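Here is a short tour of one protein model.

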Amino acid sequence: MPSTTDLAASAARALAACGATVPAGTSPVTSPITGGVIATVGRPDAAAVVTAIDDASAAFVTWRTTPAPVRGALVKHFGRLLEEHKADLAELVTLEVGKIRSEALGEIQEMIDVCDYAVGLSRSMAGRTLPSERPGHRLFETWHPRGVVAVISAFNFPAAVWAWNTAVALVCGDTVVWKPSETTPLTSLACSAILDRAIAETGSPDGVHRLVLAERDDAAALLDDPRVALVSATGSERMGREIAPRVASRFGETLLELGGNNAAVVAPSADLDLAVRGITFAAAGTAGQRCTTMRRLVVHESVVEDLLGRLVPVYEKLRIGDPTDADVLVGPLVNRAAFEKMQAAIAEAVADGGTLLVGGDRQPGDDGAYYVRPAIVRMPAQTDVVRRETFAPLLYVMTYTTLDEAIALHNDVPQGLSSSIFTLDQREAELFLSAAGSDCGIANVNIGTSGAEIGGAFGGEKTTGGGRESGSDAWRAYMRRATNTVNYSTELPLAQGVSFG
């Protein structure tokens, strides 16, 4: 296990390589690898947040009329710089979040991929021409930039989720103010420094992006300032319940990516070897700290014993420890609070009649670090604790008899982000994907619930918030629509045959 001093030196080296300057201050930055302090940073006050909005609002006046392909050139250059600093950024993600190296590199690759996607988008965002009922008239739609976009990101994906929003917002003609998680300021400083370099080297307006490392209360202007047209926030359901009505009270727009209590159905025909691999990564990867982590498993009663007979030994053999070690598959939880919530959830599940099959125990590590073996609890029913999201590697297993029963059980939670079914029966697969099936924003067949590609829209329903980011037509959230009518005739007919003469 590396020392905290070693981790601090690694962080300083990666920051310097990215051209980032750490603002002087006393706010500690801890690494979940050891629980020790690896840096200190300064936090801006509320006035600095307003200044950032001022800068972004002023830059928007120029940026909104900059041709979209020119805006795309900035994002293209940013993507190339990310390729250059992929290893440096991944190192910071590992140090601040505790992700294993492969997952940290994957997060930075996701940033690069969404930049490539956004560059293509800069030449393909299209309105529609519609049939007009009036002769000599053209009816069509145009899309325009919204304005300043506030991006509020969470600790578990400190770089990728910001890039999803920022790359697309920039090509749409918006400017961005970013408030990252207070847990991951170093990754944020490095990402912002690289984007600042791209802005300078492409001659883009200086204020198109601003980073504010403010604490929660000091960032209130991002929610309340009417110049912030869209607030894109990733975090807990509790956070969303606070943000949504506050922004709505001034008629601002929100894009919310909140909790996920994701489940997979395992049908009688499932390829169980495939299912075990998919379940293990989705449930134990990132130490269960993904919004798309698999938290519930709904298994047909005829195969549950066989599946658990394969799955439990895999969990027992998972390599847990220092995420900088190439042989490790599961790193630490982010902090003590996450560990305590996991322990409380296991205790509640057992009190509800559940049986702890494997895991849940703290693993060796420094006193301030919280490594835990991913847990599986078999439940007799879907109780309140199962319906709540516990942000840790905790998988509940329940059984079903009919597919209708499985789908009802699957949908009987407040959240609606990601879902999956393992089956070789086409009818079962199609039913799960139909309107009578999964009620989630993401529904998969024969893969797990996590690991979405950037080409599809990402997001979920119900208390997950209803937002969509990344691919498909998610770009529309960052723009406003206008319906246009052009009369190129010499007459003035009114719609619906109205006569006003």
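Arginine 197 and glutamate 84 form a salt bridge, with their closest N and O atoms 3.6 Å apart. A salt bridge here is a side-chain nitrogen of Lys or Arg within 4 Å of a carboxyl oxygen of Asp or Glu. Arginine 197 sits in helix α7 (residues 185–202) and glutamate 84 in helix α3, so the pair ties together parts that are 113 residues apart in sequence. Helices (H or I, at least four residues) and strands (E, at least two) are DSSP runs, numbered from the N terminus. With a relative accessible area of 34%, arginine 197 is partly exposed; buried means under 20% relative accessible area, exposed over 50%, and partly exposed in between (1.4 Å probe, protein chains only).

A note on where these values come from: this is a predicted model, in which local features need pLDDT of at least 70 and side-chain atom pairs count only at pLDDT 80 or more, while totals for chains, interfaces and linings use all residues. Residues are numbered from 1 along each chain as its sequence is written, and side-chain values use heavy atoms, with hydrogens and water left out.

## Further salt bridges

How many salt bridges does the count come to? The count comes to 28. In one of them, aspartate 116 pairs with arginine 80, the closest N and O atoms being 2.9 Å apart. This pair links distant parts of the chain, since aspartate 116 is in helix α5 (residues 101–121) and arginine 80 in helix α3 (residues 68–84), 36 residues apart.

Another salt bridge joins aspartate 273 and arginine 310, whose closest N and O atoms are 2.5 Å apart. Aspartate 273 lies in helix α10 and arginine 310 in helix α11 (residues 304–317), so parts that are 37 residues apart in sequence are tied together. Aspartate 273 is partly exposed at 46% relative accessibility, and arginine 310 is partly exposed with a relative accessible area of 32%.

## Two residues of helix α4

Now look at glutamate 96, which lies in helix α4 (residues 86–97). Glutamate 96 is buried yet has no salt bridge, and the nearest side chain of opposite charge, arginine 43, is 7.6 Å away. For charge, Lys and Arg count as positive and Asp and Glu as negative, while His and the chain ends are not counted. What does the side chain of glutamate 96 reach? The side chain reaches the backbone nitrogen of leucine 186 at 2.9 Å.

Threonine 94 is also found in helix α4. Threonine 94 is buried, with a relative accessible area of 3%. Although 229 residues separate threonine 94 and proline 323 in sequence, they are 6.9 Å apart in space, C-alpha to C-alpha.

## An enclosed space

The structure holds one cavity of 30 Å³ or more. On a 1 Å grid over the protein atoms alone, a cavity is a set of points where a 1.4 Å probe fits but cannot get out, and lining residues have an atom within 4 Å of a point. The largest cavity has a volume of about 50 Å³, where volume is the space filled by probe spheres set on grid points joined across faces, edges and corners. Among the residues that line the largest cavity are Val97, Gly98, Thr286 and Leu329.

Threonine 286 lies in the loop between α10 (272–284) and β11 (294–300). Threonine 286 has a positive phi of about 55° although it is not a glycine. At 7% relative accessibility, threonine 286 counts as buried.

Note on methods:
A polar contact is a pair of N or O atoms within 3.5 Å; within protein, one must be able to donate a hydrogen and the other to accept it, and residues adjacent in sequence count only if both atoms are side-chain atoms. On a 1 Å grid over the protein atoms alone, a cavity is a set of points where a 1.4 Å probe fits but cannot get out, and a pocket is an open set with protein on both sides within 12 Å along at least five of seven lines; lining residues have an atom within 4 Å of a point.
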